Amino acid sequence: DYGGDSSRVQHQLKNVQQISGTVGAFAAILADGSVVTWGDPDYGGDSSRVQHQLKNVQQISGTYGAFAAILADGTVVTWGDPRCGGDSSRVRDQLRNVQQISGTGSAFAAILA
């Protein structure tokens with residue numbers, strides 16, 4: 001499954017504000033700031049590990065196999081393949097006041113305020 005079948009989450013996809021993709025998954029921001037993901041778990045399709053953090057999401061960006069979400073407080077949550085940017089724990093302290101984030105094949109770049 002490369003994200004083409006959203007039937008498992010179709011009932012949750014209401015009031016979608018933004019959608020972003022990786023090579024095998026999608027992530028959608030809903031109007032209430034929550035996030036719905038679907039597709040291959042190896043490419044970010046399973047956000048359950050960080051779902052409790054995905055509140056008040058403002059923007060999502062994807063790489064080949066991971067997603068990064070900017071929260072309203074300017075912090076960033078990442079998930080998916082660690083080799084593609086899915087583990088930002090080493091730079092978490094630097095990811096404050098993030099204004100924008102963009103992804104390439106295997107990395108993210110962030111603009112700070």
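A word on provenance. This is a predicted model, in which local features need pLDDT of at least 70 and side-chain atom pairs count only at pLDDT 80 or more, whereas totals for chains, interfaces and linings use all residues. Residues are numbered from 1 along each chain as its sequence is written, and side-chain values use heavy atoms, with hydrogens and water left out.

Let me turn to the chain as a whole. The protein chain has zero helices and eight strands, where helices (H or I, at least four residues) and strands (E, at least two) are DSSP runs, numbered from the N terminus. Read from the N terminus on, the elements are therefore β-β-β-β-β-β-β-β. The radius of gyration, taken over C-alpha atoms, is 13 Å, which agrees with the value near 13 Å that a compact globule of 113 residues would have; the globule rule behind that comparison is 2.2 Å times the number of residues to the power 0.38. Along the principal axes, the C-alpha atoms fill a box of roughly 40 × 30 × 20 Å.

Of the 113 residues, 45% are buried, and here I use buried for under 20% relative accessible area, exposed for over 50%, and partly exposed for what lies in between, with a 1.4 Å probe and protein chains only. The protein chain exposes about 6200 Å², of which carbon and sulfur atoms supply 46%; accessible areas come from the Shrake-Rupley method with a 1.4 Å probe, and for residues only the protein chains shown count as cover. Among contacts between residues at least 6 apart in sequence, 37% join residues at least 24 apart.

Now to the interior. In soluble globular proteins, nonpolar side chains tend to be buried together. A nonpolar core, as I use the term, is a set of buried Ala, Val, Leu, Ile, Met, Phe, Trp, Tyr and Cys residues joined through side-chain atoms within 4.5 Å. The largest one here has 13 residues, and V35, L54, V57, I60 and W79 touch the most other members. The elements that give two or more residues to this core are β2 (25-30), β4 (57-62), β5 (66-71) and β6 (76-80).

Which residues does L54 touch, not counting those up to four places away in sequence? They are G33, S34, V35, S47, A69, V77 and W79. L54 lies in the loop between β3 and β4, and it is buried because its relative accessible area is 1%. Although L54 and V76 are 22 residues apart in sequence, their C-alpha atoms are 9.4 Å apart in space.

In the loop between β3 (35-39) and β4 we also find N56, which has a positive phi of about 55 degrees although it is not a glycine; at 45% relative accessibility, N56 counts as partly exposed. N15, in the segment before β1, likewise has a positive phi of about 55 degrees without being a glycine, and N15 is exposed, with a relative accessible area of 57%.

Next, charge. Side chains of opposite charge can pair when their charged atoms come close. The structure holds one salt bridge, meaning a side-chain nitrogen of Lys or Arg within 4 Å of a carboxyl oxygen of Asp or Glu. The side chains that meet in it belong to D81 and R83, at 2.8 Å, N to O.

Are these two partners buried or exposed? D81 counts as buried because its relative accessibility is 12%, whereas R83, at 69%, counts as exposed. R83 also brings us back to Y64: the two are 19 residues apart in sequence and 9.5 Å apart in space, C-alpha to C-alpha. Y64 itself sits in the loop between β4 and β5 and is partly exposed, with a relative accessible area of 44%.

I will finish with S88, in the loop between β6 and β7 (98-103). S88 counts as buried because its relative accessibility is 8%, and S88 touches T78 and L95, again not counting residues up to four places away in sequence.

Notes: Contact means heavy atoms within 4.5 Å.
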